[in-house]
Amino acid sequence: MATKENQRVILTKRLLYEALLRLLEKKSLQKITITELCAQAGINRATFYKHYSTPKDVLTDKMHHLIQDFMDSESSEDSDTLPISQEHLEKVCQYLYDNADLVKVLIENNMDSEISCILNNIPPKLSLLRRDLNQELDDDSLKLLSNFICFGGYCLIRQWILEDIPKTPQEISSLLFEISTRGWVRL
C-alpha cells in the first residue's frame, strides 16, 4: 500500500511541477496563485497543501531532488579527495548541462538564495584545501577562499547556463578547475 501512496505523491508532485512550468512561460513565479496552479495541474488545493505551502516550494522541492540525485550519483567518491578535482567538476558541469532546463527555471525564478544556502552548508574540507594549495593559510582565510571558489564558480555556471554560452561541460570544468586551483594569474 505504501508504494501506491508513494506513486500518487510522485505523480502529484510531477503534475504540479509541469503545471508550474507551463504557468512560468506566461508570468513570474510571484504572480502565480495556488488556485491557478492547482487548476493547471488538475488537483485540488487540499492536495497541494499536503505537500507545499507556496508555488515556490514546488521549485525548491525540485531543486532539492536535483541536488540529491547528483549527490547520490557521487556518493561513492573517496571522502579524502577535494571537491574541486577536475573529474568532479566535469561531472557537476555535465549534470548541470544535462539538466539545463530545470537549472534555468531555478535561476530565473530567483532560487539563488536557496542554492547559495545549500552551497554554503557544504562542509568545507579545509585541511585538504590547505594541502592541495600548498599554502600556509589560517582557517578563516581558508573559509573565505572556499566561499569565493564556491560562489564564484556558481556565478560562472549561472552565466554559462542562462546565456547558453557555447562551451562544453568539459571546457567549463577546465576553466573552473584552473580558477579554483591556480587563480587568475596563470590563466
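pLDDT is the predictor's confidence in each residue, on a scale from 0 to 100, and for this predicted model the protein chain has a mean pLDDT of 78, with 72% of its residues reaching 70 or more. The chain holds ten helices and zero strands, where helices (H or I, at least four residues) and strands (E, at least two) are DSSP runs numbered from the N terminus. Residues are numbered from 1 along each chain as its sequence is written, and side-chain values use heavy atoms, with hydrogens and water left out. Because the model is predicted, local features need pLDDT of at least 70 and side-chain atom pairs count only at pLDDT 80 or more, whereas totals for chains, interfaces and linings use all residues.

**Confidence**

- Over residues 78–83 pLDDT stays under 50, and the model has twelve contacts beyond four places in sequence for them, a contact being heavy atoms within 4.5 Å.
- Over residues 123–127 pLDDT likewise stays under 50, with nine contacts beyond four places in sequence.
- Where pLDDT is low, the predicted coordinates should not be read in detail.

**Surface and overall packing**

- The accessible surface of the chain comes to about 11700 Å², of which 54% belongs to carbon and sulfur atoms, the areas being computed by the Shrake-Rupley method with a 1.4 Å probe and, for residues, with only the protein chains shown counted as cover.
- Of the 187 residues, 34% are buried, where buried means under 20% relative accessible area, exposed means over 50%, and partly exposed lies in between (1.4 Å probe, protein chains only).
- Among contacts with a separation of 6 or more, 61% are accounted for by residues 24 or more positions apart.

- Leu16, leaving aside neighbours within four places in sequence, is in contact with Leu37, Ala41, Ile43, Phe48, Tyr52 and Val58.
- Thr12 lies in helix H1 (residues 2–24) and counts as buried at 12% relative accessibility, touching Ile43, Thr47 and His51 when residues up to four places away are not counted.

- The buried residues of H9 include Leu142, Ile149, Tyr154 and Trp160.
- Asp164, in the loop between H9 and H10, has a positive phi near 50 degrees although this residue is not a glycine.
- Most residues other than glycine have a negative phi.

**Salt bridges**

- The structure holds five salt bridges, each defined as a side-chain nitrogen of Lys or Arg within 4 Å of a carboxyl oxygen of Asp or Glu.
- Asp164 and Lys104 meet in one of them at 2.7 Å, N to O, a pair that links parts of the chain 60 residues apart, with Lys104 in helix H6; Asp164 is exposed at 51%, whereas Lys104 is buried at 17%.
- Lys27 pairs with Glu36, the closest N and O atoms being 3.0 Å apart, and Lys27 is partly exposed at 31%, as is Glu36 at 23%.
- Glu87 and Lys91 meet at 3.3 Å, N to O, and both lie in helix H5, four residues apart, about one turn of the helix.
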